[in-house]
Amino acid sequence: MKKTIPNILILGAGVAGMAAAQALADQNVVVYLVEKENSPGGHAAKWACMATESCENCGACLSIEMADQVQKQANLILHLNTIVKAINKKNQSYEIILENKVSFFVEKIIMATGFSPFNPAGINSLHYDAYKNVITTAELNTLLKEETLFPYFNQKPDPKIAFIQCVGSRNREQGRDYCSQVCCKISMRHANKITHLFPESEITLFYMDLQVIGKEIRPLFEKLSKNIELIQGVPAEILENNQTKMLTLVAEDKKTLSRVSKAFDLIVLSVGMLPSENLKATCDMLDVQPNSWGFFNTDQASLSKDVVIAGCANGPKDILTSKQDGRIAAGKVIEDLGLNKKKKVRIAVFGEGIQADQTALALSSKGYPTWLFGPGKSLSADTPITILNDTNIISINGTAGNFSLYYQLNNKKKNLTCGAIIAAFEPEQSLNRLGGLLNKPLSLDGWAKRIKTDPDNLPDNIVILLDYFGPEIKSFARLALETSVKATELGKNISIIMNKMLVNGASAQRLYDTARQKGINFFRFETNKDLKIEDSGKGFLIKLKEATLPSIELDINCDCLVLPPSLSPAPGFKNAGDLMHQPLDREGFLQSANIRHRLTQSPRKGIFFAGTCHDETDQNDLDNEINDILAAFSTESFDLPKIEIKGDTWVEIDQKKCAQCLTCIRVCPHSAIIMNENNRPQIVQDSCFSCHLCVSSCPAYAIESKTLANDIITGKVTKDKIVILACERSAALAAGNIALPDNITLIPISCACRISSDVLLKALLNGASKVIVAGCHEDNCRSVKGSNVADASVRQVLSIPGMDASKIVWEPIAANETRKFERFIFNM
């Protein structure tokens, strides 16, 4: 009997829907991707690039590349400009009827219907409909993308701009007592972009609790806080001067303690996320029920066994998390359909703590032979996991499917071959200390343990101090709230002193509200100078200049002062990064902030990251990261890799020309070139990303490309024409359907690092009037340093005596910077 190929429906071609589709690309399934708009990409495809001197990791450009890829996907049928009209259950499958009369049957459905931005017109005091220069963050994105923002500044080089946070979010009265998760990130990036484009602009950001969360946001906040004014408290009303059209907000002047009016040229409302506008009809057809918010991120929601929810349909998410959610949904569908027939390869997990143990246990439970390089203290004695404690890893060689770990154990050197490696190290966790005190504060973990093990002997008055030693970690903020609620229920008096409260996650805002309702005292400080902490008997006296009452110094007495720990990169992170050939981020944690491989993967295929060694994660994040990695194992091959096969790869090494200088091995950003059994360099096809850096770097010209050899590239050069060598993932996509002038030739290349000085010179010798290399912004390149390499090649040619500086240009252009591309061409 002939076996039928399963059909899968994906509702919504936003980031999550496209990610799910791409994860199913190599499966023996047919994917039906249905999108109501006229192109895939979702909201993210409409957003502007936030890059300044380098990429700011917003991820919006990814949606353009993903949209381009899904439209070329062989096993995908794309239906645009239509919606599902009816879904009929037929035995073990579903009949899908589209509005355009097309019908088909599917076995599984992924609901990735996205979100709708909140419309602030209903808040009369904001006068969104009445005042032209009151706009939303979504509209600001359009203005930035289309490069039409300046007219809103009343022709001023030094405009005054205000951002108002939490418009449509964190509002109990309107039934939206949740944080939309992304608004603070968006506004901070917007403010940073505007100060870059308009250096004389003055920006004020009004906020409830600024959510400074994540590896890419903390460094941005640190820089931004020195350049803009941050005011805690959201203005109640916007007024407009009828004559000048300037907008006015009333706020408190901290110096004079009086209410003052502030005038602005532009006010941006940071609007939250609502469920998609067609939610009810979709849920009725799928027989699923969202929670009271309209999402599926709490136990209140109910699902159908054949429906998987992904992306912002699940709950508010940023672009990278939506992409991860789509991959996880695809992995679940594959498992449910029994399609995961891939070999269960051996996995090595690195880490000394609970996060590594949980990761190893999850892998082992799915049938993967798992080796844990760590003590495995939380694992049972009969665990099937092989535990290697007190090991010293000497080297990591090979590629995905065939990593070779050389390590020392009990003074013996051994070797382990595995298919993939997961780094789940613990960061350095240290107890924060206050100098000059005789009494000893209690750690947050110690406080949580006391509530659990000795609830009858807790002190009566407790203060938890957050944000004093730097931006708080979201898991610590949540633990502070959870333990405070428990202690209050035990009759204790709890105060939390903070700069801001992090409310990350589905239920965090409700937890914060519960804490307030139970009588927990919340006090704010602006800087550490607002606090003085002294011994008082066996307890503490805290003198506080409260942010909302700066003229009054409060005396807060407590029996117990609780301090959260500080997290910092562990001393071994640098060595671990070197062993795995992976860069650290700007704070010294594992994994760079480059969006091309996050949240869990790396430029070196088969190397993954999980837990707080690489990002600010809580338990829910860790669970998602583990599921994301498992989805990768379900959808990608990590079996023994294919070595270089002639005719079946984009690049290959001509061994007759090879001088064995090993330059290719040293420069490969993906560690995809190894020494073979004959001690000669060889390309591992399955791990190669085809960036062509090895081709442009080989001094012997021994590495050949079938599609992008020097002669092939320069052979496309036309005399007296401008040549644009454009990265196929950035500038070439930005060019899109632009009708280029007759005097311009655009040549797509795999990565900007393919371009070497000899290609540039030969293009000029072949008659090009000008050569432009256009690629990703710095820190955005999929091959790590491609943009830097291209920039260096251009600089090298320009350093030649007599070279005309106008002849060769490097220009970073993201995939979503079409207007910039047009302007760049026009200026030429």
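**Exercise 1.** Find the bridge partner of Val 167 in S16.

*Solution.* Step 1: strands (E, at least two residues) are DSSP runs, numbered from the N terminus. Step 2: the partner of Val 167 in S16 is Val 271. Step 3: S10, residues 160-167, runs parallel to S16, and five bridges join them. Two strands pair if DSSP finds at least two bridges between them.

This is a predicted model, in which local features need pLDDT of at least 70, side-chain atom pairs count only at pLDDT 80 or more, and totals for chains, interfaces and linings use all residues. Residues are numbered from 1 along each chain as its sequence is written, and side-chain values use heavy atoms, with hydrogens and water left out.

**Exercise 2.** Describe how S9 is joined to S16.

*Solution.* Step 1: S9 covers residues 134-136 and runs parallel to S16, with three bridges. Step 2: Val 268 in S16 has Ile 135 opposite.

**Exercise 3.** Which way do the side chains of S16 point, and are they buried or exposed?

*Solution.* Step 1: in a regular strand, side chains alternate between the two faces of the sheet. Step 2: Leu 266, Val 268 and Ser 270 point one way. Ile 267, Leu 269 and Val 271 point the other way. Step 3: all are buried (under 20% relative accessible area; exposed is over 50%, partly exposed in between; 1.4 Å probe, protein chains only).

**Exercise 4.** Work out the strand order of the open sheet of three strands.

*Solution.* Step 1: the order is S22-S23-S24, with antiparallel pairing. Step 2: S22 (392-399) and S24 (412-418) are the edges, each pairing on one side only. Step 3: seven bridges join S22 to S23 (residues 402-409). Ser 395 stands opposite Tyr 406 in S23.

How values were computed. Helices (H or I, at least four residues) and strands (E, at least two) are DSSP runs, numbered from the N terminus.
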